[in-house]
Amino acid sequence: MRRLDHSPYWSPSANLLRPPLPIFNKPNLQLAQKFGEWLVALRFSRAVYQSYMKVAYQFCSYLGNRSVQTASHIDVRLFLIEVMKQNLAVEGFNRHLYALRRFFDFLYLGGVVDSVVPRFVVGRHWKRLPPKVLGESQIAALIRSAKSQRDRAMVELLYATGCRVGELVQIRVEDVDFRRRTVRVVGKGSGRTVFFGKHASAALRAYLHGRKSGALFYSEHPKQKGCVGWNGRGWCAYFIDYGRGKINAHRTALYLAKACSYRQAWALFKRKVSNARLYCPFKQKPISRDVVARAVQVAACRAGIGRVTPHMVRHSYATQLLDNGADIRQIQELLGHASLLTTQIYTRVAPTELGRIYRKCHPRG
């Protein structure tokens with residue numbers, strides 16, 4: 001007959017015990033790496049991943065040889081004070097604090113720490129200013145001042161669709177429907193369809209030159225022209241020779257002639273040196289966020305507008321839609337916002353539009 005254990009306290013056998021967690025007793029840097037894997041598993045966006053990982057590594061570096069298990073809310077405050085010495089804005093302070101809270105949430109779930117100490121630190125309150133927007137004439141000047149066909153197509157598409165920079169750099173030619181004038185974009189974990197007009201369509205067609213596949217926008221590399229100069233004894237051409245590939249490129253000089261003019265020397269240079277020796281065989285790569293931001297800023301400087309970012313073009317897109325009678329709910333769908341509250345903060349209503357609505361709708365207006 002089987003003997004029953006009547007003990008009120010039961011403990012599992014050795015083969016039923018849970019194995020130790022994979023992040024237990026790990027050094028700080030390995031914990032930060034595991035935190036990054038956790039963010040990827042939860043499908044955080046790439047921008048959030050990079051921001052949170054940067055803060056996690058900064059905090060681990062700040063602690064030095066100390067383990068994160070010994071960190072207290074005082075350490076979090078001192079770390080944020082150290083960060084604020086870089087003249088960080090209030091929004092940046094809160095962003096660092098939220099990243100630390102997420103990092104310690106991960107450590108708490110893994111049993112590394114007993115409490116989420118960053119949650120004992122209160123974020124700083126700040127009043128969000130209304131977004132800076134550009135007028136229709138400024139947008140037109142910005143587009144006219146684009147440096148190249150690619151830059152003009154980028155600015156046209158940013159203003160026509162209101163998409164984010166992260167969405168723009170991921171667009172492929174196959175995602176563009178020129179017949180319906182729509183683009184399928186993916187951003188912040190979800191996709192949506194945005195629309196563009198005939199001006200953006202013409203700019204895109206001029207840039208693509210019939211290309212049907214690949215990334216929509218590629219990086220552009222400056223083409224070498226070389227130079228011609230008089231060295232005291234004759235005309236010489238100076239250039240970087242890419243004839244044996246990018247790795248073996250070298251600066252060189254080529255004697256042209258003595259008894260000729262400057263224009264004739266240039267003609268000799270173009271005749272003697274082939275394009276294969278002048279142009280570097282760069283591999284085409286899709287554009288990055290920095291390339292888009294730089295292209296917009298260069299166009300703004302050429303137009304005399306001042307500092308302009310791609311997100312300001314998105315602000316202008318939403319604001320002008322609202323001023324011209326679009327519904328706030330429709331703008332939310334076009335911008336890809338999950339919450340209507342975000343759209344209400346994002347856009348602003350012009351006082352002239354408010355006055356027109358008041359005079360139209362009030363019985364005694």
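Helices and strands are taken here as DSSP runs, numbered from the N terminus. The structure is a predicted model.

The largest pocket holds about 2600 Å³ of space. Its lining comprises 50 residues, of which Ala-47, Arg-164, Lys-188, Arg-289 and His-311 are the closest to the pocket centre. At least two lining residues come from each of helix 2 (46-63), helix 4 (90-109), helix 7 (165-168), strand 2 (182-187), helix 11 (289-303), helix 12 (310-323) and helix 14 (340-346). The most is given by helix 2, which supplies six residues to the lining of the largest pocket. By class, the lining is made up of 19 nonpolar, 17 polar and 14 charged residues.

Strand 2, one of the elements that contribute to the pocket lining, belongs to an open sheet of three strands in the order 1-2-3, with antiparallel pairing. Strand 1 (176-177) and strand 3 (190-195) each have a single partner strand and stand at the edges, so one side of each is left without a neighbour in the sheet. Two bridges join strand 1 to strand 2 in the antiparallel sense. Asp-177 lies opposite Thr-182 of strand 2.

A further open sheet of three strands has the order 4-5-6, and its pairing is antiparallel. Its edge strands are strand 4 (227-230) and strand 6 (250-257), each of which pairs on one side only. On average, and with direction ignored, neighbouring strands of this sheet are turned by 30 degrees against each other. Strand 4 pairs with strand 5 (residues 235-241) in the antiparallel sense over four bridges, and Val-228 has Ala-237 in strand 5 as its bridge partner. Helix 9 (residues 262-272) packs on the sheet and touches strand 4, strand 5 and strand 6. The direction of helix 9 makes about 125 degrees with that of strand 6.

The axes of helix 6 (residues 149-161) and helix 11 come within 10 Å and cross at roughly 95 degrees. Because angles of 65 to 115 degrees count as roughly perpendicular, helix 6 is roughly perpendicular to helix 11. On the side of helix 6, the contact involves Arg-150, Asp-151, Met-154, Val-155 and Leu-158. These residues meet Val-291, Val-292, Ala-295 and Val-296 in helix 11. The contact of helix 6 with helix 11 has seven nonpolar and two charged residues, and no polar ones.

Key. Residues numbered from 1 in each chain as written. Predicted model: local features only at pLDDT ≥ 70, side-chain atom pairs only at ≥ 80, totals over all residues. Heavy atoms only, no water. 1 Å grid on protein atoms, 1.4 Å probe; cavity = no way out; pocket = protein on both sides within 12 Å on 5 of 7 lines; lining within 4 Å. Points joined across faces, edges and corners; volume = space filled by probe spheres on them. Nonpolar A, V, L, I, M, F, W, Y, C, P; charged D, E, K, R; others polar. Pairing = 2+ DSSP bridges. Axes fitted to C-alpha atoms, helices over the stretch in contact; angles between N-to-C directions. Contact = heavy atoms within 4.5 Å. Parallel < 35°, antiparallel > 145°, perpendicular 65-115°, else oblique.
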